[in-house]
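Let's go through a few labels and ask what stands behind each one.

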Amino acid sequence: MNRDIYQEPLVSRYTSPEMQELFSECFKFTTWRRCWIALAEAQHELGLELVNQEMIDELKAHAKDVDFEVAAAKEKEIRHDVMAHVYAYGLQCPKAEGIIHLGATSQFVVCNTDLIIQKKALQLIKKTLINTIANLSTFCRSYKDLATLGFTHYQPAQPTTVGKRNTLYIQDLLMDLEYIEALEQQVKARGAKGTVGTQATFLELFQGDHGKVRELDRLVSEKLGFATVFPVTGQTYPRKLDMKTAETLAGIGASAHKFAVDVRLLSNLKVQEEPFAKKQVGSSAMAYKRNPMRSERMTGLARKLMGLPANFAATAANQWFERTLDDSAIRRMDMAQAYLLTDAILKLYVNITSDMVVYPKQVERYLRAELPFMSTEKILMECVEKGESRQEMHEVIREHSVAAGLAVKEQGLENDLLNRLADDERVPFALDELDGMISNYQEFTGRAAEQTDEFLDEVVAPILERYQDQLGGIDASLKV
């Protein structure tokens, strides 16, 4: 690492080598050469006499050994990256030099390469997403019965279970997975379309044979690994695709952000935490602190990712007629960042969900503090069963609930509602009987456990089975 200049933190700190390699110059420029080889092969196979097998063999022999220094020097001279690499390739392939890029425009290599990269990047994203879902599924199953306070408006609410709460995160991710699956169907080859998408030059090369030009488009796309090709384009593939891609990746960011913020809130309550390394330092001043740094990092990265779709929308909206160049500089940054951010976020998501910690005693403490208030309806019904008037008992319980609540808030006392009710002669139950009414926390969680099982069995399991070959093999270790 050159420490004298700015380094992109997404690369130096947060992302996987696999995603970094996809957006590397080496992968890009060798893929440009792959595009030129596919074009030459297709032209030769369709009978274009200008291209012969010896030329193709020469191109293939130098497909990987890009002379970056020669290309960089030429680009500095002519201010055109594609032609600089055509020049560098031609020096290595003198026999084929005259047919490299034959009939093509710069976006033939740029767009098709971008689409190849995105196709592979989406596969990496999907694999990590599926493993996150699998981790959460295991966690939900383990804690499906553990009753915990629910929260609405971040105020104590009716109990749920730890497992049921975490199914909400899975459901978000399953929606993200569906969007990725739909997006994958939209990633088609740009193909061989010519300068403004009319294939005019290719039609000239093939002496007006429209059938061969159509087949060239299909054949090149097939050689580049695509089953489908955009039927029409301007100079570039439609930037609408980039916009939908950014929205899909930002959706993953939003799902992760929701999870990460919840973990941070639960960490404050000491109820549920992300993993904490043995020698991890929480604060430079406060040695006792266990800051949820992974979730905090996840929140920050997601915030950045969620802000990117506006850039892509503006680019798609500003493609004047067949194309304008104001998309070039911003896409060099934003497209890579969108995927790298998503990769970093999901890497954290897998890391956290691999070893989350729950503290059942702390969970119980919060339940005991709040459940007396939430159990008043049950106590009221039990009083009526004993023959008491519902209206009279409602007023008694209301009086004591208000008093107990004030004592908690104003005096910092423990919730003593049950003691107050037991001491009131109008209430037909002793303290141990009232305690017994709320001792089984599970009774207050409704169908939370059952819903968790049903969701995991009926919805999640079939998806994980379908993607069984994608499970495992994720390096979620953190550099820092």
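Q: Where does glutamine 199 sit?
A: Glutamine 199 lies in the loop between α8 (162-186) and α9 (200-205). This is a predicted model, where local features need pLDDT of at least 70, side-chain atom pairs count only at pLDDT 80 or more, and totals for chains, interfaces and linings use all residues. Residues are numbered from 1 along each chain as its sequence is written, and side-chain values use heavy atoms, with hydrogens and water left out.

Q: Why is glutamine 199 called buried?
A: Its relative accessibility is 16%, and buried means under 20% relative accessible area, exposed over 50%, partly exposed in between (1.4 Å probe, protein chains only). So glutamine 199 counts as buried.

Q: What makes histidine 153 exposed?
A: Histidine 153 comes in at 76% relative accessibility, so it counts as exposed. You'll find histidine 153 in the loop between β1 (147-152) and β2 (155-161).

Q: What is the phi of histidine 153?
A: Near 60 degrees, a positive value in a residue other than glycine. Glutamine 199 also has phi near 60 degrees. Most residues other than glycine have a negative phi.

Q: Why is α11 called roughly antiparallel to α12?
A: The axes of α11 (residues 240-269) and α12 (residues 293-306) come within 8 Å and cross at roughly 150 degrees. Angles under 35 degrees count as roughly parallel, over 145 as roughly antiparallel, 65 to 115 as roughly perpendicular and the rest as oblique. Therefore α11 is roughly antiparallel to α12.

Note on methods: Helices (H or I, at least four residues) and strands (E, at least two) are DSSP runs, numbered from the N terminus. Axes are lines fitted to C-alpha atoms, for helices over the stretch in contact, and angles run from 0 to 180 degrees between N-to-C directions.
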